Amino acid sequence: MAAAILAVGQPASAQQTPAAGTERGREYDAAFQAMMQQPANLDVLFKFATVAAQAGDMEGAISALERMLLINPDLPRVRLELGVLYFRLGSYEIANTYLETALASPAVPPDVRARAEQFMAEIRKRQSPSRFFGEVFGGVRYQSNANLGPPTSSVRLFGQTANLNQSSIGTADWGVLTSGYIRHVYDLGTQDRAALETQLTGYVNRQFQISAANVSIIDLTMGPRFQVLQGIAEDVSVKPFFTGGYIWVNDTPFYGAYGAGLEVGTLITDRLRNTSNFVWRRQMHPDTWYVPTNSQFTGWEYSGNTTFQYQVNEALSIFTNGNVQRFQTDNAPWQSYQLYGVGGGMSFRFIDPLFKSELAWSIGLSVNLQWWTYDQPDVVIDPSVNRLQNDTILNITLAIPFDERTTLTVSAGRFVRGASLPNYQFVNNSFLMGVGWRF
């Protein structure tokens, strides 16, 4: 019997089968027919279990493996794979029982022992009321316009044409960046599956030449998540939360913020999920040597966004989103605006074409459109022209996993901003490559 059926993953649906006519569907049908013709052949049963699990038919895979144990109870690898399947279904007690019996076998192979112990440790972690997990990422990035400057030196100043100095025009640069988050979940042990969730997120980039484009961000959210409408809807969760953070630009304080919000997650169908967020934040901008008039941006931000994600099949998911934002300054109405945005994209998982590993690669595509409208003209720029902006943001990402925790990411993007004033127009093409590690 060959390799492991599944790797560590999130709980999966118990009943999914591949679409008829697809390559995986034909493989599944062939394995099923072979099993029906040779119901006592252990290799045939294991082959079907492998194909069924990869296709998402967890119940079929479990049935085949349990039939193998009826034929020969002393199969520690099969007990391991049953433990893995029940782990993916979220049935941790049953999974733990199979893993323990696999380890109890006097003939357990070293690789089976290692994987069983790994999954048992993960089960203990997930059954603990207090859990930590997160991700860190590090990489290099090229930007054709790292400082997001206009394409030419010709801009508007007091309603007249003016010329910027060369350092303010859009300039290409390389940089390094790192980002990550750590999340803590504490299960409150209630019937509505309430848990207290805390997440700390950070981001730092350092440009090789343009220090004005250096950005550092730290952000914290905290709040309880619980299920609502139990008995009416299958999965609806609500999370009120507190949020706070700080941003530095050019290694100088830019603004601090605090606020609150509400997140609502809804499983509409087995394949369709919606997540919506509503947030208000107070932004406090201090005047600094770098931005002496920074305090004019102090004000209130109100935002809402919603995302619908649809799982087409085991390989393809698509999504669409929309957002709206209102930013209102205390004393500078020419810096107040409303923003509307829409977007969408897809993620496609496919078999490793290079190393032939069991870990699927994925490619993601996204496009976002945004429209900005400012309340009043800025007299310093042009007292007769109201500032309008429109953004088009495109991105393509290839993710190549090295193992269950480590992934190489290669990404390319294009950000185009049109504006009623040339001061704010720019185009930025970017390329990013880096490695992420989950824990």
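I note first that a residue is called buried under 20% relative accessible area, exposed over 50%, and partly exposed in between. The model I am reading is predicted.

**Entry 1: a nonpolar patch.** I looked up Phe 431, which lies in strand S16. Its relative accessibility is 33%, so Phe 431 counts as partly exposed. I checked which strands contribute: strand S4 (173-187) and strand S16 (426-438) each supply at least two residues of the patch.

**Entry 2: helix H2.** I went to helix H2, which covers residues 42-55. From first C-alpha to last, H2 reaches 20 Å, close to the 20 Å expected for its 14 residues. At its start, I found a side-chain oxygen of Asn 41 within 3.0 Å of the backbone nitrogen of Asp 43. After H2 comes Gly 56, with a positive phi near 100°. Is H2 largely enclosed or open? Ten of its 14 residues are buried, so H2 is largely enclosed by the rest of the structure. Among the buried ones I list Phe 46, Phe 48 and Val 51.

**Entry 3: the cores.** I looked up the largest nonpolar core and found 38 residues in it. Phe 48, Leu 65 and Met 68 are among those with the most contacts inside this core. Helices that give two or more residues to the core include H1 (23-37), H3 (58-71) and H6 (110-127). H2 gives the most, with nine residues. Apart from this core lies another, of five residues, including Tyr 337 and Trp 372.

**Entry 4: salt bridges.** Side chains of opposite charge can pair when their charged atoms come close. I searched the whole structure and got 14 salt bridges.

- Arg 281 and Asp 219 meet at 3.5 Å, N to O. Arg 281 is in strand S9 and Asp 219 in strand S6, 62 residues apart. I read a relative accessible area of 13% for Arg 281, so Arg 281 is buried.
- Arg 273 and Asp 235 meet at 2.9 Å, N to O. Arg 273 lies in strand S9 and Asp 235 in the loop between S6 and strand S7, so the pair ties together parts 38 residues apart in sequence.
- Asp 391 and Arg 417 have their closest N and O atoms 2.8 Å apart. Asp 391 lies in strand S14 and Arg 417 in strand S15, so this pair ties together parts 26 residues apart in sequence. Asp 391 is buried at 1% relative accessibility, and Arg 417 is buried at 16%.

Conventions. Residues numbered from 1 in each chain as written. Predicted model: local features only at pLDDT ≥ 70, side-chain atom pairs only at ≥ 80, totals over all residues. Heavy atoms only, no water. Helix = DSSP H or I, 4+ residues; strand = E, 2+ residues; numbered from the N terminus. Expected span 1.5 Å × (residues − 1). Buried < 20%, exposed > 50% of the residue type's maximum accessible area, 1.4 Å probe, protein only. Polar contact = N/O pair within 3.5 Å; in protein donor to acceptor, adjacent residues only side chain to side chain. Core = buried A, V, L, I, M, F, W, Y, C linked by side-chain atoms within 4.5 Å. Salt bridge = Lys/Arg side-chain N within 4 Å of Asp/Glu carboxyl O.
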